[in-house]
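Open your viewer and follow along, one selection at a time. Each stop tells you what to pick and what is there.

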Amino acid sequence: MKIAICPGSYDPVTYGHLDIIKRSAVLVDKLIVTVFVNPSKKASLFSIEERLDMLRETTKDIPNVEVDTSTGLLNVYAASKNCHLIIRGLRAFSDFEYEFQRALMIKKIDPTLETAFFMTDGRYSYLSSTGVRELAYFNGDVSQMVPPYVEAMIEKKLKLLKK
Ligand code: ADP
């Protein structure tokens with residue numbers, strides 16, 4: 001069985017993520033979308049549970065996608081799932097540097113673990129979870145960037161935060 005993992009912070013999931021998830025899911029038997037805590041990203045908006053909920057809701061029509069979370073090392077997690085393939089998305093040169101280092105580091109700690117990259121769809125090359133969070137905070141329109149379910153969750157969350 002061909003299994004791949006699509007790791008990320010997903011704070012929150014955007015149409016950019018969903019595009020990568022859909023395009024990679026058709027190439028494998030099972031795609032595990034795993035929420036990891038990224039220690040270099042300090043300001044999170046959603047709890048892990050909320051991120052999982054939004055991912056489950058927005059991927060529910062893709063039958064071979066499983067949503068999960070882990071706090072450990074990616075290679076240890078992948079081994080526990082009997083998985084040897086990591087999927088990441090690439091938007092710009094700025095992503096490349098980080099992803100290049102990350103992929104080589106993963107390869108160093110586990111040579112059996114490959115990282116494959118999907119080039120962003122041109123429509124989403126500008127799109128990041130950080131941008132969505134910032135725009136929404138200032139009441140900007142994020143309806144072209146995230147599914148309606150996520151938009152509603154952002155609205156609810158910001159209302160609570162601004163109280
Ligand atoms: P991380 O915090 O690990 O960088 P993210 O949640 O930001 O994770 O993103 C997970 C993956 O999705 C990364 O590989 C990232 O490059 C990719 N990604 C995020 N936004 C887009 C987008 N608009 N188009 C393509 N790939 C994207």
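Start at the second largest pocket of this predicted model, with a volume of about 190 Å³. Select A136, N139, G140, V142, E151, I154, E155, L158, K159 and K162, the residues that line the second largest pocket. Now colour helix 6, residues 148–162. Helix 6 gives the largest share of this lining, 6 residues. Colour the lining of the second largest pocket by class: 4 residues are nonpolar, 2 are polar and 4 are charged.

Next, move to the largest pocket. Its volume is about 1,300 Å³. The lining has 49 residues, and the closest to the centre are G8, N38, R88, Y98 and R102. Select those five.

Which helix supplies the largest share of the lining of the largest pocket? Helix 4 does, with 8 residues. Show the other contributors too: strand 1 (3–8), helix 1 (15–25), helix 3 (74–80), strand 4 and helix 5 (129–137) each supply at least two residues of the lining of the largest pocket. Colour this lining by class as well: 20 residues are nonpolar, 17 polar and 12 charged.

From strand 4, the chain crosses through helix 4 (residues 93–109) to strand 5. This β-α-β crossover is right-handed.

Last stop: select residues 85–90, strand 4, and residues 114–119, strand 5. In which sense do these two strands pair? Strand 4 and strand 5 pair in the parallel sense, over 6 bridges.

Notes
Residues are numbered from 1 along each chain as its sequence is written. This is a predicted model: local features need pLDDT of at least 70, side-chain atom pairs count only at pLDDT 80 or more; totals for chains, interfaces and linings use all residues. Side-chain values use heavy atoms; hydrogens and water are left out. Two strands pair if DSSP finds at least two bridges between them. Helices (H or I, at least four residues) and strands (E, at least two) are DSSP runs, numbered from the N terminus. A crossover is right-handed if, with the strands pointing away from the viewer, the path from the first strand over the helix to the second runs clockwise. On a 1 Å grid over the protein atoms alone, a cavity is a set of points where a 1.4 Å probe fits but cannot get out, and a pocket is an open set with protein on both sides within 12 Å along at least five of seven lines; lining residues have an atom within 4 Å of a point. Grid points are joined across faces, edges and corners, and a volume is the space filled by probe spheres set on the points. Ala, Val, Leu, Ile, Met, Phe, Trp, Tyr, Cys and Pro count as nonpolar, Asp, Glu, Lys and Arg as charged, and the others, Gly among them, as polar.
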